[in-house]
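Please look over the sequence and the model shown here. The paragraphs after it go through the fold and then through some of its residues.

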Amino acid sequence: MTVLFVLAVVLVLAGLAGTVVPALPGAPLVFAGLLCAAWADGFARVGPVTLVVLGLLTALTLAVDFAATALGARRFGAGKAALLGAALGSLVGLFFGLPGLLVGPFAGAVLGELLTSRDVAHAGRAGFGAWVGLLLGTLGKLAIVFTMLGVFAAAWLLA
């Protein structure tokens, strides 16, 4: 039982980090951690209904992640190449720490847009849009993950 609680804490902490670091499955890790905690307690305090709600919230974070970046970039006129560039820039940015995480999506979207359109100003707007979308998506995911923690805590404490 203690091993499951320790695993739960490790997974939730990794999930919180993963919520702000692109390419890491933040919310699914948080969900796995909460599931471990519920299991360690024999599902006495956190039951199937709460776990289904947590699962739905986890799925919502995935939808928010994809939609926010795409909508942000689209709002500023980005094309498919810019969206792909933003995703690749996020991935490459992981290897350069926080500066890479901030610059990678922007640079990737700009380069992607420049491949299909030679307009530097348009490419810059697409990059900015991808970055804004990534930022808003991250904030949305954080809000949902903290909601998940609140739902779990309420179920645990009110049982």
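Helices (H or I, at least four residues) and strands (E, at least two) are taken as DSSP runs and numbered from the N terminus. This is a predicted model, in which local features need pLDDT of at least 70 and side-chain atom pairs count only at pLDDT 80 or more, while totals for chains, interfaces and linings use all residues. Residues are numbered from 1 along each chain as its sequence is written, and side-chain values use heavy atoms, with hydrogens and water left out.

The chain contains 6 helices and 0 strands. Read from the N terminus, its elements follow the order α-α-α-α-α-α. Along the principal axes, the C-alpha atoms fill a box of roughly 60 × 25 × 15 Å. A residue is called buried under 20% relative accessible area, exposed over 50%, and partly exposed in between (1.4 Å probe, protein chains only). Of the 159 residues in the chain, 40% are buried. Accessible areas come from the Shrake-Rupley method with a 1.4 Å probe, and for residues only the protein chains shown count as cover. The chain exposes about 8500 Å², and carbon and sulfur atoms supply 81% of this area. Contact means heavy atoms within 4.5 Å. Among the contacts in the chain with a separation of 6 or more, 66% are between residues 24 or more positions apart.

Helix α2 covers residues 26–40. Gly 33 is found in this helix, and it counts as buried because its relative accessibility is 0%. Leaving aside residues up to four places away in sequence, Gly 33 touches Ala 8, Leu 11 and Val 12. Gly 33 and Val 10 are 23 residues apart in sequence, and their C-alpha atoms are 7.3 Å apart in space. Pro 28 also has its place in α2. With a relative accessible area of 29%, Pro 28 is partly exposed.

Trp 39 is another residue of α2. Its relative accessibility is 53%, so Trp 39 counts as exposed. Leu 35, Trp 39 and Phe 43 form a nonpolar patch on the surface, and together they have about 300 Å² of accessible area. Patches are made of residues with over 30% relative accessible area and no salt bridge; like charges are joined within 9 Å, and nonpolar side chains (Val, Leu, Ile, Met, Phe, Trp, Tyr) within 5 Å.

Phe 43 lies in the loop between α2 and α3 (48–75). Phe 43 counts as partly exposed because its relative accessibility is 36%. Most residues other than glycine have a negative phi.

A salt bridge is a side-chain nitrogen of Lys or Arg within 4 Å of a carboxyl oxygen of Asp or Glu. By this rule the count is 1 salt bridge. Asp 41 forms a salt bridge with Arg 45, and their closest N and O atoms are 3.8 Å apart. Asp 41 is partly exposed because its relative accessible area is 21%. Arg 45, at 38% relative accessibility, is partly exposed as well.

Two packed helices are described by the angle between their axes and the distance between the axes. Helix α5 (residues 97–116) packs with helix α6 (residues 120–158) at an angle of about 140 degrees, and their axes are 8 Å apart. Axes are lines fitted to C-alpha atoms, for helices over the stretch in contact, and angles run from 0 to 180 degrees between N-to-C directions. The residues that make the contact include Leu 101, Pro 105 and Phe 106 of α5, and Ala 130, Trp 131 and Leu 134 of α6.

Pro 105, found in helix α5, is buried because its relative accessible area is 1%. Not counting residues up to four places away in sequence, Pro 105 touches Ala 86, Gly 89, Ser 90, Gly 100, Ala 130 and Leu 134. Ala 87 has its place in helix α4 (residues 80–93). At 46% relative accessibility, Ala 87 counts as partly exposed. The C-alpha atoms of Ala 87 and Leu 134 are 9.7 Å apart, and the two residues are 47 residues apart along the chain.
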